[in-house]
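The entries below follow the order in which I looked them up.

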Amino acid sequence: MSMEEKIVEELKSILGDLGEVWIQREKRVYAKVPKNLVLPILAYLKDKGFHQLTTITCVDWIKRGKFELIYNLFSLYHENIHVFIKTELERDKETMPTAIDIYPMAFDYEREIHEMFGIVFEGHPRLDSFILEDWDGPPPMRKDFDTAKYVEEKYGVKDYTEEIWKRMEQPYREEKDE
Amino acid sequence: MKILILAGYWILVTILGLLYMGIARKVTARIHNRYGPPFYQAFLDVLKLFSKRETASHGVMHSLGPVIAFAGISATLLFMPLGKGAPVLHFQGDLFVVLYLLVVGPLGMALGAGESNNPNATIGIARALSLMLGYEIILFMATLPVFVHYGTASIYDVIVKQGAFPNWAGLKYPLSMLGGLIALHGLLGEKPFDQPIAPHEIASGPMVEYGGKYLGLLQLWHAIGIIVETGLFINVFFGPQNIVWFFAGTFIVFMLAVIVNALMPRFRIEQAVRFYWGVPLILVVLGILQYYFWR
Amino acid sequence: MGLFKISQGRSLWMVHFCTGCGAVEMPPTMTSRFDMERFGIAPMATPRQADVLLITGYLTVKTLKRVIMVYEQMPTPRYVIGFGSCTVNGGIYWDSYNVIKNLDLYIPVDLYIFGCMPRPESIIDAFIKLRKMIEEGKANKWKDYIERYDWYKQNQAKLFDINKWRVQK
């Protein structure tokens, strides 16, 4: 049995029929679990030898009304296989417990997801602004954020007016005679 | 009359120093396989710097730092003979005065850099004063056998007592001359010993908050410093020279330093001080022993 | 005086502050192939020692604060060159929520270089044009910043809180 199939068997024996596990291609194993089982599975896989949490991403399914979180785990001891753990959250209603106690490197990823999507992670010590300083709008990576309208209101420039062209074409100012 | 000679001497040394700096940039560029700036580039830099106006001030002591450094190195010119001609002041013990006045430069910069609120300046000046623990000792011990041999402590007397070509002190005490050459490299502040300036690591060290006219004064300080330091080396080890041969000698020694500068990276400060207490110390100690056992 | 203007044009020192993705064109311009030191241009470590600020690429609001801090520390006369099409109208980030669209509203710009990225030959051409402008006395947009300071600050206040980053402890 190849290494991927061994991992699939182990995960299936834990989950039973609460979630699905499948192999997408060589060295990629996906698992879809309910929200309250994510942290136990992360702890289990860390004991098995998945030492690195490469990233946490978020996908906004606006038509179904859900946020999907994907945890990407990597291991050198299992022939460089990536395991992806997916969960789904209700949009704007549910919060997620933080994964810092298991993988301390989740600190920055959860901060970024909170800033870009608005998901609150319970137990995270510092959820303030990370990349966007002085941000005054809604979380920008959501699909219902209208970029063009925001740009026009804030920067005020969509098409060049006569005044702006004149200012750019004349790089120096006329010296007034005193 | 003496005032006019002194003023002319000062201007001549400044112009030659700036010319050497420009030629150094050209030589470095040719080593890097490219054309460099024109040889008069240092004059243009200094003129540009004196035409700028600063935007902020850090207090009186900060502004006085470059002035103290420039004054120290200008005062050294009173004691420095150019080849055969006598300097304005010469007396027994002026070697020590010159060696002390060479320290006034970094000391003035230390006072000024302490007033600016920038930690880079403090790190830079701490490195400059630590580096002095390395090269000052080697420099003094390298000149020691020459002065004891001729029984005098005045630079002008040492020049007069050495004779023409085969009687140069550099040929009688070659190990001391080599040690002095290595110490000179650190005194000039060329790589691998340019820890105080270090533009990429500590944002130019003590010069970080100086712009405009202060930086112009610091460039002039560096220019006069080149001639004074290489001049000291040529005077002590190579006897009386015609003034033209004197400047040719300083040029050759400076170009040796510039060629090593273009090829080497920078040491860390502890590596530099440890280097000075290794091979150069052995060379100068052997030079001192040579005085006692094999004159 | 004429001599001062000539020397200002022939020894331009630039701040080594490379914002955005245009910074990748600075090393080829500085090194042996397209040597820019033969025109007297050298990179300097701090803004207090430099004359020219090159804005090489897009600027987010976060970087704009720092660029304004750097610009205000340079001694006068000081020049700004806008590099690439992101400084002209936002470039490929024309509808991004975090990138500024028109640099001229926040700091005064003397020259724009078009391209994404401009080649090293165009960068050197821009420096030669700047040298000609300095010798004719036309590179004087820095006086504009001093005289119309309130207008520039008003534009900057639309993006961020201008009092917040000046407060020291």
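This is a predicted model: local features need pLDDT of at least 70, side-chain atom pairs count only at pLDDT 80 or more; totals for chains, interfaces and linings use all residues.

I turned to the largest cavity, which holds about 70 Å³ of space. Which helices of chain B each supply at least two residues of its lining? I found helix 5 (119-150), helix 8 (174-188) and helix 10 (213-237), and I noted that helix 10 of chain B gives the most, with 5 residues. Among the lining residues I listed B:Leu139, B:Thr143, B:Leu184, B:Glu229 and B:Phe233. When I sorted the whole lining by kind, I had 8 nonpolar residues, 2 polar and 1 charged.

I went on to the second largest cavity, whose volume is about 50 Å³. Its lining comes from chain C and includes C:Tyr58, C:Cys86, C:Ile100, C:Lys101 and C:Asn102, and the lining residues divide into 5 nonpolar, 3 polar and 1 charged.

I then moved to the surface, where B:Ile282, B:Val285, B:Leu286, B:Leu289, B:Tyr292, B:Phe293 and B:Trp294 form a nonpolar patch with about 820 Å² of accessible area together. I picked out B:Ile282, which sits in helix 13 (residues 279-293) of chain B. Why does B:Ile282 count as exposed? I reasoned that B:Ile282 counts as exposed because its relative accessibility is 52%, and the cut-off for exposed is over 50%.

Key. Residues are numbered from 1 along each chain as its sequence is written. Chains are lettered from A and ligands numbered from 1 in the order in which they are written. Side-chain values use heavy atoms; hydrogens and water are left out. On a 1 Å grid over the protein atoms alone, a cavity is a set of points where a 1.4 Å probe fits but cannot get out, and a pocket is an open set with protein on both sides within 12 Å along at least five of seven lines; lining residues have an atom within 4 Å of a point. Grid points are joined across faces, edges and corners, and a volume is the space filled by probe spheres set on the points. Helices (H or I, at least four residues) and strands (E, at least two) are DSSP runs, numbered from the N terminus. Ala, Val, Leu, Ile, Met, Phe, Trp, Tyr, Cys and Pro count as nonpolar, Asp, Glu, Lys and Arg as charged, and the others, Gly among them, as polar. Patches are made of residues with over 30% relative accessible area and no salt bridge: like charges are joined within 9 Å, nonpolar side chains (Val, Leu, Ile, Met, Phe, Trp, Tyr) within 5 Å. Accessible areas come from the Shrake-Rupley method with a 1.4 Å probe; for residues, only the protein chains shown count as cover. A salt bridge is a side-chain nitrogen of Lys or Arg within 4 Å of a carboxyl oxygen of Asp or Glu. Buried means under 20% relative accessible area, exposed over 50%, partly exposed in between (1.4 Å probe, protein chains only).
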